[in-house]
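Dear colleague,

I am handing over the structure that we talked about, and I would be glad if you kept it open beside you while you read the notes below it.

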Amino acid sequence: MKPLNIGLVGYGFMGRTHSNAYRQVSNFFPLEYRPVLKAVSGRDAAKVKAFADNWGYESIETDWRKLIARKDIDVIDIATPNNLHAEIAIAAAQAGKMVLCEKPLAMNTPEALKMVEAVEKAKVPNMVWYNYRRVPAVALAKQLIDEGKLGKIFHYRAKFLQDWTINADVPQGGAGTWRLDVNVAGSGVTGDLLAHCIDTALWLNGGIDKVTAMTETFVKERKHSETGKMEKVGIDDASAFLARFKNGSLATFESTRYARGHKALYTLEINGENASLAWDLHDLHRLQMFDHADKGYVRGWRSIHVTDGDQPYMKHWWVPGLQIGYEESFVHQVADFIQGLSSGKPANPTFRDGLETDKVTDAVLKSARTGQWESCQ
Ligand code: SOE
């Protein structure tokens with residue numbers, strides 16, 4: 001295996017998921033390249049050093065520009081808050097590095113477009129970390145849809161529910177809670193959670209034509225971690241929208257951080273003329289399927305335990321019946337990225353694919369403001 005030198009920027013929750021994936025991937029997937037944890041960058045030297053020691057990075061930087069300038073780095077992996085994605089990605093592409101970027105690609109569509117132009121101009125491999133595409137049960141749904149098992153699609157529905165910001169004392173800004181600061185996150189649940197639902201939907205069901213949306217900010221002011229002052233909250237706490245897909249199907253999407261009892265409930269369902277599929281992140285190794293082609297007396301929802309060697313990704317893991325989980329979706333994404341380098345067929349979602357999700361989230365936020373249907377073009 002040839003080395004693929006990784007330079008990670010950011011060391012929060014996503015920095016951990018990515019680092020874990022780089023460490024595991026070569027043990028399970030036969031690949032041409034083996035990720036090497038060369039360096040991690042973050043502003044706080046002590047914290048970044050502790051992270052590097054824990055995960056096995058060879059070195060640290062406290063300025064991402066220095067990381068990008070290093071000759072021994074092949075891939076810049078951006079796991080920072082959203083407001084830094086564009087600047088880092090564009091600089092990395094201009095330096096000829098491969099670029100991986102945490103979702104959502106950017107703060108908004110114009111910024112995302114600049115990122116796409118930068119990686120395409122530099123012709124550097126690129127990918128956005130929409131990990132839920134890589135859950136085997138979701139990949140199996142994609143396979144069944146592509147095989148035509150569902151026939152014409154009528155409906156798509158997805159939701160992503162959490163409850164961690166109900167308490168008005170949760171601050172905005174700072175480590176962990178930057179997701180509540182609109183200047184850092186770009187938006188609230190629309191960009192953070194619905195972006196996942198939209199990415200999977202675009203992959204499974206094709207493009208979205210137009211949307212009509214409503215959003216709400218339930219807690220209007222929160223203390224800002226950096227200023228210590230109560231400040232207006234600019235993010236959407238809840239977001240729901242109707243969509244019309246280009247294939248004629250209708251959809252509903254809903255997300256909130258105010259659904260008491262739900263921690264990370266991402267569910268999706270797709271209804272076609274011949275069959276329906278449903279998936280639930282809390283039971284992520286199962287795909288529910290109703291196939292109208294089954295004989296009437298046994299027809300019913302079946303629960304497919306996606307753990308067998310002939311199901312997506314699973315031959316690389318344990319033996320049939322033994323499950324994998326959330327972390328492995330990131331391992332699969334690294335494996336696919338590296339396979340894409342070898343085959344010359346880039347792994348998705350590329351930055352260009354990620355741009356399509358940003359177009360939809362922008363249309364959702366615009367529609368919530370205007371009260372009109374908005375185009376996603
Ligand atoms: C928010 O709580 C969050 O961590 C998102 O930022 C992730 O993208 C999602 O997968 C889980 O929830």
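Predicted model: local features only at pLDDT ≥ 70, side-chain atom pairs only at ≥ 80, totals over all residues.

The protein chain is divided into two parts, with domain 1 covering residues 2-131 and domain 2 covering residues 134-375. Between the C-alpha centres of domain 1 and domain 2 there is a distance of 23 Å, and the contact draws on 38 residues from domain 1 and 40 residues from domain 2. On the side of domain 1 that touches domain 2, at least two residues each are supplied by helix H1 (13-28), strand E2 (33-41), helix H5 and strand E6 (126-129). Of these elements, H1 gives the largest share of that side, namely eight residues. Sorted by class, the side of domain 1 that touches domain 2 holds 25 nonpolar, 11 polar and two charged residues.

How do H4 and H5 lie relative to each other, roughly parallel or roughly antiparallel? The axes of helix H4 (residues 85-94) and helix H5 (residues 109-122) come within 8 Å and cross at roughly 10 degrees, and angles under 35 degrees count as roughly parallel, so H4 and H5 are roughly parallel to each other. The crossing in which H4 passes H5 is left-handed. From H4, the residues Ala86, Ala89, Ile90, Ala93 and Gln94 meet Glu111, Lys114, Met115, Ala118, Val119 and Ala122 of H5. The residues of this contact of H4 with H5 comprise eight nonpolar, one polar and two charged.

With best wishes

Notes
Residues numbered from 1 in each chain as written. Axes fitted to C-alpha atoms, helices over the stretch in contact; angles between N-to-C directions. Helix = DSSP H or I, 4+ residues; strand = E, 2+ residues; numbered from the N terminus. Parallel < 35°, antiparallel > 145°, perpendicular 65-115°, else oblique. Left-handed = near helix turned anticlockwise from the far one by under 90°. Contact = placed C-beta atoms within 7 Å. Nonpolar A, V, L, I, M, F, W, Y, C, P; charged D, E, K, R; others polar. Domains from an automatic or database assignment.
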